[in-house]
Amino acid sequence: MKCQVVLVTGAAGFIGRNLTETLLRRGYRVIALDWKECRYCCGAYRCVLDFAENVREWELRKIRGDIRDHGLLQRIFCRYAIDYVIHLAALSTIQMGARNERKTRSVNVGGTENLLNIVRDRRDVKGFLYASTDKVYGELRSQAYTEQDALTPLNSPYDESKREADEMVRLWWEEHGVQGIVLRFCNIYGRYDRQKTRIIPGTIQAIQENRECVLRMYRGDDGQLHNYQRDFLYVEDLCEAITKILNKLETWNREGGAQWGQAFNLGSCCHHSIGEVVRILRAQMNAQTPLQIEITETISELRRQHMDYNKARLVFGFEPLTPLEDGLRETIAWWKREQQDRKNDR
């Protein structure tokens, strides 16, 4: 059987790095594309940098480049027989979007359009997976978001750019026959995430450095302080889901029954308050520093997010398996190993 080749964009990021390693373990050949250097602990796999023409045998090929670079993408798709594209690349935080709205739209929308146009022109690509977010839904008006809900994101450059790119996947299927699906992620956490603006890595880092932990809350219409509510999905559960999805796409390509152009929520079994997450982290790390409450008034922060993932369960067999406490324990263990490795390298 031919070894499947998967192009992963945003491969140097937190999710991309975990996913690349998972795909390699499952026997896929991976082209890891990112504008930053892709660093992996993949010594067991044959790795090639850029477009080394004299190397025919490889499992991981690392290419530095921008998804907005049309010429670069053409070279990649012309040189390699790519079976699937997993498009993770984005300016990925609300803070980045607020600082540079033009660049956020250029990368998140323009980069996605660039990729879709390349795939449209190359009919040998069997599937395009776009990583969207639960933020495209906007305010939660029921118990949980479903894929039938309208996309009405808050007035945030990041949220709006993800909505526009999300909807492009459906349009390119309807108008150009690009075989794409949208995966709407909830809050993903786990190893390799060093983005301190996110609650889990930010709290772990603060405790490790013996600094105060910050718990952001909002004042509700009743005048009381409330916690933000989120779904949290462990990154290994997400990577497992994506490999199941790739297997299903292979079945669709062989046997039909495809649901191209559709979106699928990837949430967790239950949602948690940010206060609960901070409390678990502090308990597991035996934090000695005080907890600082910070009241936020920003209108670009959703108060509650919770996803109904029944559609992904029925179609792909998706099921989150890692309880929050276990996932946080594993994440803390990775941070401690990372800190020790840095000390040893000095």
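## Aromatic rings, cysteines and a pocket

Trp260 is buried, at a relative accessible area of 9%. This is a predicted model. Trp252 also counts as buried, with 5% relative accessibility. Together, Trp252 and Trp260 form an edge-to-face aromatic pair. One aromatic cluster takes in Trp252, Trp260, Phe264 and Phe316.

The count of aromatic pairs is twelve. Among them is Tyr218 with Tyr228, whose planes meet at 55°, so the pair is tilted. Tyr218 belongs to strand E9, while Tyr228 sits in the loop between strands E10 and E11, so the pair ties together parts ten residues apart in sequence. Both Tyr218 and Tyr228 are buried.

Here are the two pairs in figures.

| Pair | Centre to centre | Angle between planes |
|---|---|---|
| Tyr218 and Tyr228 | 5.0 Å | 55° |
| Trp252 and Trp260 | 5.2 Å | 85° |

Charges meet rings too. The charged end of Arg17 sits over the ring of Tyr192, 3.8 Å from its centre. Arg29 places its charged end over the ring of Trp58, 4.1 Å from the ring centre.

Next, the cysteines. A disulfide is a covalent bond between the sulfur atoms of two cysteines. The count here is zero disulfides. Cys47 is partly exposed, at 39% relative accessible area, and Cys239 is buried, at 2%.

Last, a pocket. The second largest pocket has a volume of about 250 Å³. Eleven residues line this pocket, and Gln205, Gln208, Glu209, Trp335 and Arg342 lie nearest its centre. Which helix gives the largest share of the lining? H10 does, with six residues. By class, the lining has six charged, three polar and two nonpolar residues.

How values were computed:
Residues are numbered from 1 along each chain as its sequence is written. This is a predicted model: local features need pLDDT of at least 70, side-chain atom pairs count only at pLDDT 80 or more; totals for chains, interfaces and linings use all residues. Side-chain values use heavy atoms; hydrogens and water are left out. On a 1 Å grid over the protein atoms alone, a cavity is a set of points where a 1.4 Å probe fits but cannot get out, and a pocket is an open set with protein on both sides within 12 Å along at least five of seven lines; lining residues have an atom within 4 Å of a point. Grid points are joined across faces, edges and corners, and a volume is the space filled by probe spheres set on the points. Helices (H or I, at least four residues) and strands (E, at least two) are DSSP runs, numbered from the N terminus. Ala, Val, Leu, Ile, Met, Phe, Trp, Tyr, Cys and Pro count as nonpolar, Asp, Glu, Lys and Arg as charged, and the others, Gly among them, as polar. A disulfide is a pair of cysteine sulfur atoms within 2.5 Å. Buried means under 20% relative accessible area, exposed over 50%, partly exposed in between (1.4 Å probe, protein chains only). Rings of Phe, Tyr and Trp (its six-membered ring) pair if their centres lie within 6.5 Å; planes under 30 degrees apart count as stacked, over 60 as edge-to-face and the rest as tilted. A charge sits over a ring if NZ of Lys or CZ of Arg is within 6 Å of the ring centre and within 35 degrees of the ring normal.
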